[in-house]
Amino acid sequence: MKYFTYSLIALTIIAQSGVHAQSPSPSASPVPTNVVTREVQNLKDKLATKVAELRKLNHKAVSGVVASISGKTITLTDSSGKSLQVKIDDVLTKAFSISGTTKKEVKPDTIEKGDYIITTGPMVENTVTANTIYIDEQYIVGSGKITEANATDFTLSVMSEDNEKLTIDIENNTKRLLVDSKTLAKETIGFTKIKVGDTVHYVLKKTGTEKIKGRYSAVRIVIIPQEYFVAQ
Amino acid sequence: MKKEVGLAIFFGVGLGLFVAFLMVFQIRKIQPTETTASPTPMLRVKDESTVSTLQVDEPKPDSITSSKTITVKGTAEKNSLLIIQSPLTESIVKPTKESFSVPFDLALGENILHITMYPSTSSARIQQKTIKVYYLDEQ
């Protein structure tokens, strides 16, 4: 039994050292040069792909109202009230003005305080290094219940889904559509067809120069008559 | 104890130990150095409440596209009234199944998509989502 115990201990030591010895030594077999070149190339390709992915990941578009301009830095206030910095590069940054379906190149220094801009480029924290800046128009898109339809001054009083009281000016060029409660087809209507209690989906133009808080001009409205909901 | 029996025990135990050590080392090699917490699987119970929830899968919020027409995809209540509105246009549909897929035109620049679902029963809650999509003619 004594021999057996000694043998067991000896075998354990041998087994442990044997397992360690199994790990291959890097210098054991010389790696051919072409294999190394291929691996380096693979690594380069992977790195390039990763960099491209990261660039794409950081390439963002943000929009907001220009709060201030200081040298080559624009401070924006986005729709949630968050402040963002936009860095302009004299060589790289291009600026455009959007008008309908077309865009026209403008100089970045034509951007003024109060403009609504969209900027694209890599974003780090709250700073965007602008590749492109677009001067656009700002819209409010939402819906609510009509609480008053004033046929004298062509305004609608609306309680929005956020419980905000709005006064909507219906202009001559406002696109006015009514949804048929049975067929859901849209038809162009006059102001008189709009009733209190109807639901309105609106697109309002926000200029930033509104004289009365909560009063905007409508670009387009879609009316869902209350009959639709009654029939449900 | 006979010599043969002793030898058999010796080799048996030795072989067992060798295999055990080999396995322990292999397992250590496979295991990563840092243990990462496995993400908790999200169970989505398909009941009445999930069916009546408006969900927009596409487009992603604040996404940039170079395509004038996109597809608005998601899930909504069957037979509800779905209105997708933007400054350029609007789509009014009544999904015949829980998923919807609506082609939608974009204007150059920022497009605010206001998506509203009016459930088929008037007692159910109206649901809305607002997603910004940028149609920009750039790469």
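User: Let's start with a loop. Where in chain A does Asn163(A) lie?

Analyst: Keep in mind that this is a predicted model. Asn163(A) sits in the loop between strand S10 (155-160) and S11 of chain A.

User: What is the phi of Asn163(A), and how should I read it?

Analyst: The general idea is that most residues other than glycine have a negative phi. Asn163(A) isn't a glycine, yet its phi is positive, about 60 degrees. Asn163(A) is also exposed, because its relative accessibility of 64% is over the 50% cut-off.

User: Which residue of chain B has a positive phi of about 70 degrees although it is not a glycine?

Analyst: That's Asn79(B). You'll find Asn79(B) in the loop between S3 and S4 of chain B. Its relative accessible area is 37%, so Asn79(B) counts as partly exposed.

User: And peptide bonds? Which residues does a cis peptide bond join in chain B?

Analyst: Most peptide bonds are trans. Here, a cis bond joins Glu58(B) and Pro59(B), with omega at about 0 degrees. Pro59(B) belongs to the loop between S1 and S2 of chain B.

User: Now sheets. What is the strand order in the open sheet of 3 strands in chain B?

Analyst: The general idea: strands of a sheet pair through backbone hydrogen bonds, either parallel or antiparallel. In this sheet the order is S1-S3-S6, and the pairing is antiparallel. Strand S1 (55-58) and strand S6 (99-105) each have a single partner strand, so they are the edges, and one side of each has no neighbour in the sheet. From one strand to the next, the twist averages 30 degrees.

User: Is Ile70(B) buried or exposed?

Analyst: Ile70(B) is part of strand S3 (residues 69-75). With a relative accessible area of 11%, under the 20% cut-off, Ile70(B) is buried. Leu108(B) is 38 residues from Ile70(B) in sequence, and their C-alpha atoms are 13 Å apart.

User: What about the open sheet of 5 strands: what is its order?

Analyst: Read it as S2-S8-S7-S4-S5 in chain B, with mixed pairing. Strand S2 (63-65) and strand S5 (90-93) stand at the edges, because each has a single partner strand. The average twist from one strand to the next is 20 degrees. S4 (residues 81-85) and S5(B) pair antiparallel over 4 bridges, and Gln85(B) stands opposite Glu90(B) in S5(B).

User: Which residues of chain B lose the most area to chain A?

Analyst: The size of an interface is often given as the accessible area lost when the parts come together. Chain B and chain A bury about 3,700 Å² between them, 64% of it on carbon and sulfur atoms. In terms of contacts, 35 residues of chain B meet 46 residues of chain A. On the chain B side, Gln85(B), Glu90(B) and Leu108(B) lose the most, together 15% of what that side buries. Gln85(B) and Glu90(B) are the pair that stand opposite each other.

User: Back to chain A. Which backbone atoms does the side chain of Thr174(A) reach?

Analyst: The side chain reaches the backbone nitrogen of Glu171(A) at 2.8 Å and the backbone oxygen of Ala218(A) at 2.7 Å. Thr174(A) lies in the loop between strand S11 (165-169) and strand S12 (175-179). At 4% relative accessibility, Thr174(A) is buried.

Methods:
Residues numbered from 1 in each chain as written. Chains lettered and ligands numbered in written order. Predicted model: local features only at pLDDT ≥ 70, side-chain atom pairs only at ≥ 80, totals over all residues. Heavy atoms only, no water. Helix = DSSP H or I, 4+ residues; strand = E, 2+ residues; numbered from the N terminus. Buried < 20%, exposed > 50% of the residue type's maximum accessible area, 1.4 Å probe, protein only. Pairing = 2+ DSSP bridges. Axes fitted to C-alpha atoms, helices over the stretch in contact; angles between N-to-C directions. Polar contact = N/O pair within 3.5 Å; in protein donor to acceptor, adjacent residues only side chain to side chain. Contact = heavy atoms within 4.5 Å. Buried area = accessible area lost by both parts, 1.4 Å probe.
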